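Please find below a short note on the model under review. The points proceed element by element.

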Amino acid sequence: MNLVGNLLTVDLTTEEIERADFPETLARRFLGGRGINAWLLAEHVGPGTDPLGPENILVLSCGLLTGTEAPSSSRLHIGARSLLTGLLGSSNVGGHFGAELRAAGVQTPLIRGRARRPVTLWIDGDQAELRDATHLWGLDSRTAAELLQAELGKGVRLVVIGVGGENLVRYACIMTGTRHAAGWTGLGAVMGAKNLKAIAVRGGKRRSRRDENVRRQVRKYAENIRTSPRYETYARFSNSNHVVSDNDLGILGTRNYQHVHFEGAERIDGQRLIEYVTHPYSCYHCPVHYKAEIEIPKGRYGGTRGERPDIEPIINLGSKCGLDDPEALLYLYNLAGDLGVDAVSTGGVLAFAMELYERGILSPEDTDGVELTWGNAGAMEAMMKRIARREGFGAVLAGGGVRRAAQIIGQGAEAYAYHSKGLELTGYDPRGAMGTALGYAVSTRGGDYASVYVLAEYRWSAEEGREWFGIEQSVDRFSIEGKGRMVKQAMTVSAVLDALGICKMAVLSVVGDYSLENEAALTAALAGWDVNAGELALIGERIINLEKLFNLRLGAGREDDDLPDRFTEERVSDPGPTRGMTVEIQQMVGDFYAAMGWDEDGHPTPEKLKELDLEHVWKSKTECS
């Protein structure tokens, strides 16, 4: 059975919309989601592509299994050339939009051009049109989504941008309705540059197949999730209750990574935030139900309703900014979504500015009188609104994240701007986890954790390390040995899950399975393919290599696979298990290149490209000089 739907090509400049079939042969090479994104970006985006120009494309791809009976099959992958990094723009999001898109028969909308006025792309079954959205422009994402939902009626799912995207904040996000954010790499700004306020879709009725093998594999996959010893914890807290444990491990990013322990960790941990949860909910077909709606009943933030954050926004808006007020944290997280700015990058930018303020590099005169002191929730709120509207000092912080802001500010600010490839690092201090450190450095979209997901160094035994990666020390988080092979495996599995459209939280956090055996059986049943785990792993490698080639073509080099000096030169001073630690990053990067079959400069070798059947694809579509 061909699970791949249509390619919907939308030219906003000419207002032409075309619908065509995706060939199954392409799906067999790249699956869907992240894989199809990599293929289309390599085909359409070159070194001269302006991220804000009409020639940049925005691609939203369902995973191969998104919207099917497969458990946790909600994921949508969004891509473009990133305004924030200038390289691969890539973000993965759950919710229900991807499944609804699949129900409308659409695998991937590919959007180019720039509309002459604000518009909404409206997909209603097999019909698609552009509608005027002038009345929505200037509205926050929540209000715009609610108005559009009321206009279009029941059964409609949305992606929408807020004022951050409209104002081209380089880390603007895309919201799926009012809840989930595609936050990484500033893709909301690409939508804003195209005058595209929203995409709305209503699909047809989904039909479950009666094939017993499909039912058996779906039941088996779901049962594997539900019987995990971690299931109940994740179903109740998601990963929000990791703050205290990360604090104990000595990896909790605190006050812009000046420290690895936070005295207020217990106050912002999920064990505390659960007090504000009104009820849990789930993405499409998810057996975990780890999402949760919150409400603050009274006090300064009384009346706040929204969503509970996961661990990375908690760290970035919490300990990294010295904030230990749980209600302020919940309010600011949901404010970020309403404004349409990524909570993680926003937290990283605020923490950066706070350290500059502490060191006297920034003064109240520089920051419009906003006192950017640690834990000052009022100042954080004020600056977030300035960022989204590009007002005053907010325009400096909006104009490119910590990397570009440091260049504008000068006075040595670059020493406190913590990013990889221009993307702000997530919450974990890499000096206490070498696999995480390597992942930050070599991730194809920049300094994040979620596209690498290297849990083995926190959970696996020495025996498992030896069996999987050839050396017991590979799963010792303090050792640099064996990390190249471990990170390769983690990145490969992450790429496969992103291409299938299956949530990594369910598979990797809850179950902890990196073998791809269950995914192969599920894919074989649903797609009717004869596919095994090894073949899926090869596809994962193909995706990573194509993304790497894409970045090389846009000017990235080995110097971009690195970490800021704080982590390589400045030892952890806090007492605890990571005291005295630094990262020897370049040795691990070299080991990773070797594991990937790349040369010493990080270029995939001709032999590797031939193995992955990419040499002709790359030469014909995206010549890399």
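1. A polar contact is a pair of N or O atoms within 3.5 Å; within protein, one must be able to donate a hydrogen and the other to accept it, and residues adjacent in sequence count only if both atoms are side-chain atoms. At the N-terminal end of α24, the cap is N532, with a side-chain oxygen 3.1 Å from the backbone nitrogen of G534. The model is predicted, with local features requiring pLDDT of at least 70 and side-chain atom pairs pLDDT 80 or more, while totals for chains, interfaces and linings use all residues. Residues are numbered from 1 along each chain as its sequence is written, and side-chain values use heavy atoms, leaving out hydrogens and water.

2. G555, which follows α24, has a positive phi near 110°.

3. Strand β7 (residues 119-124) is largely enclosed by the rest of the structure, because five of its six residues are buried. Six bridges join β7 to β8 (residues 127-132) in an antiparallel manner (strands pair if DSSP finds at least two bridges between them). D124 has Q127 as its bridge partner in β8. The two strands form a hairpin with two residues between them, and G125 in the turn has a positive phi of about 65°. Another six bridges link β7 to β12 (residues 196-202), here in parallel; V119 is partnered with L196.

4. An open sheet has the order β13-β14-β15, with antiparallel pairing. Its edge strands, β13 (277-281) and β15 (305-307), each pair on one side only. Three bridges join β14 (residues 291-295) to β15, and E293 is the bridge partner of E307.

5. The axes of α13 (residues 326-339) and α15 (residues 377-389) come within 11 Å and cross at roughly 5° (axes are lines fitted to C-alpha atoms, for helices over the stretch in contact; angles run from 0 to 180 degrees between N-to-C directions). The helices are therefore roughly parallel (under 35 degrees; over 145 is roughly antiparallel, 65 to 115 roughly perpendicular, the rest oblique). Contacting residues (heavy atoms within 4.5 Å) include Y331 and L335 in α13, and M380 and M384 in α15.

Note on methods: Helices (H or I, at least four residues) and strands (E, at least two) are DSSP runs, numbered from the N terminus. Buried means under 20% relative accessible area, exposed over 50%, partly exposed in between (1.4 Å probe, protein chains only).
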